[in-house]
Amino acid sequence: MVLAAIFQFCARQCVRDNALQCVSAIESAAGRGAKFIFLPEASDFIASGDAYKSLSESLETGHFMSSIRDAAKLHNMWVSVGVHEAGASQGRCFNTQVLVDDKGIIASLYRKIHLFDVKNVGPGNTPVLESASTEPGDRVVDPATTPIGRVGMLTCYDMRFPEVSLMLREKDADIITYPSSFTVKTGKAHWEVLLRARAIETQCYVVAAAQAGVHTYAGRTSYGRAMVVSPWGEIVAQLSECDSDPRPYNESEELPTKASELAYFDIDLDQLVKVRAAMPMQEQRRVDVYGAR
Ligand SMILES: O=C(O)CNC(=O)[C@H](CS)NC(=O)CCC(=O)C(=O)O
């Protein structure tokens, strides 16, 4: 079994501060002997309005990813982290999950394919239009081989589309990651159910690092409750949830952040093999009746 860590924090609009928090989480996890750490979606920043354009960075040369890569190398740690990647069309960014290996090299990356364009689930039942700032990716990436198993990457809202997680299972994923920044309303209603269902039906570990807390200047609050689910559907680690009411938008007010949290868990690939052997769903799929995913 190999030890891994999952991190939850409240990103601000300042990329340097957020980088410091993530680097310190990597350092702590290394001190405990973890080989892999999962960081949330948008760990580089949560911003308001047009700030996306100026804050998004290149994965190769930007301050945020350089800090993460240096820390990964220094502490021999694999890192999964969500960032805003500069360089998409129309001044937008990609919502990208980056997998960094223990030498500080980018081993793989995945650009979120399902964007959170919704009508009445945002703060105060307002709409959210992720596609205004973000260009969707156009491919699912094969799972990457790491010291904790084969990691398949998806992000946040993607967890509502089981087809892609089943596709990753088909490609031999052991672990599926959903770095997230969920809304409080949808988090309370759906978060645990979605993550446990994805784990049970794919018979994979599901790891969802999360943002948590009030981002007042951006007019939004993240639900938190970062969670790890075993291939049998048990919650093996979870962090605290944020149930604050949404607060009115206030650009100048940066509230004290909700404290960051770190949890540890073992990835037990023997248990995964036993679960799959006892209930061989992958071999039982009736693709002859209902087609491939
Ligand atoms: O905007 C950023 O900077 C980072 N991206 C996000 O926070 C994204 C898009 S707004 N959030 C989600 O997908 C929440 C999904 C969700 O809450 C649900 O499926 O219910």
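Okay, hi everyone. One thing before we start: what you see is a predicted model.

Let's begin with helix α5, which covers residues 184-202. That is 19 residues, and from the first C-alpha to the last the helix reaches 26 Å, close to the 27 Å expected at 1.5 Å a residue. Still, α5 has a kink of about 55°, centred on His190.

Now, which residues of α5 are buried? They are Val184, Gly187, Trp191, Leu195, Arg198, Ala199 and Thr202. If you like helix geometry, recall that an α-helix has 3.6 residues a turn, so residues three or four places apart point the same way. Keep that in mind as you read down the list of buried positions. As for what they pack against, the buried residues of α5 meet one helix, α4 (162-170), along with the strands β10 (175-177), β11 (205-208), β13 (220-223) and β14 (227-229).

Let's step off the end of the helix. α5 is followed by Gln203, which has a positive phi, near 55°. Gln203 sits in the loop between α5 and β11. Is Gln203 buried or exposed? It counts as buried, because 22 other C-beta atoms lie within 10 Å, and the cut-off for buried is 20 or more. Leaving out residues up to four places away in sequence, Gln203 touches Pro231, Leu272, Val275, Arg276 and Met281. And its C-alpha is 9.0 Å from that of Ile175, 28 residues apart along the chain.

Gln90 is not a glycine, yet its phi is positive, about 55°. You'll find Gln90 in the loop between β3 (78-85) and β4 (94-100). Then there's Arg225, also not a glycine, with a positive phi near 55°, in the loop between β13 and β14. Their surroundings are another matter. Gln90 is exposed, because it has 7 other C-beta atoms within 10 Å, whereas Arg225 has 23 C-beta neighbours inside 10 Å and so counts as buried.

On to the core. The largest nonpolar core has 77 residues, and the members touching the most others are Phe7, Ile37, Val79 and Val206. Which helix gives the most to this core? That's α1 (residues 15-31), with six residues.

Next, have a look at Ile148, in the loop between β8 (144-146) and β9 (149-153). Ile148 is buried, with 22 other C-beta atoms within 10 Å. Among its contacts beyond four places in sequence are Val2, Ala4, Phe36 and Ile267. The C-alpha atoms of Ile148 and Leu269 are separated by 8.3 Å, although the two are 121 residues apart along the chain.

For contrast, take Gly49, in the loop between β2 (36-38) and α2 (51-55). Gly49 has 13 C-beta neighbours inside 10 Å and therefore counts as partly exposed.

Last stop, the ligand. There are 14 residues around it, and the ones that come nearest are Ala42, Phe116, Tyr157, Ser181 and Thr186. What classes make up this shell? Seven are nonpolar, four polar and three charged.

Methods:
Residues are numbered from 1 along each chain as its sequence is written. This is a predicted model: local features need pLDDT of at least 70, side-chain atom pairs count only at pLDDT 80 or more; totals for chains, interfaces and linings use all residues. Helices (H or I, at least four residues) and strands (E, at least two) are DSSP runs, numbered from the N terminus. The expected span of a helix is 1.5 Å times one less than its number of residues. The bend at a residue is the angle between axes fitted to the seven residues ending there and the seven starting there. A residue is buried if 20 or more other C-beta atoms lie within 10 Å of its own, exposed if 12 or fewer, and partly exposed in between; C-beta atoms are placed from the backbone. Two residues are in contact if their C-beta atoms, placed from the backbone, lie within 7 Å. A residue is near a molecule or strand if its C-beta atom, placed from the backbone, lies within 6 Å of it. Ala, Val, Leu, Ile, Met, Phe, Trp, Tyr, Cys and Pro count as nonpolar, Asp, Glu, Lys and Arg as charged, and the others, Gly among them, as polar. A nonpolar core is a set of buried Ala, Val, Leu, Ile, Met, Phe, Trp, Tyr and Cys residues joined through C-beta atoms within 7 Å.
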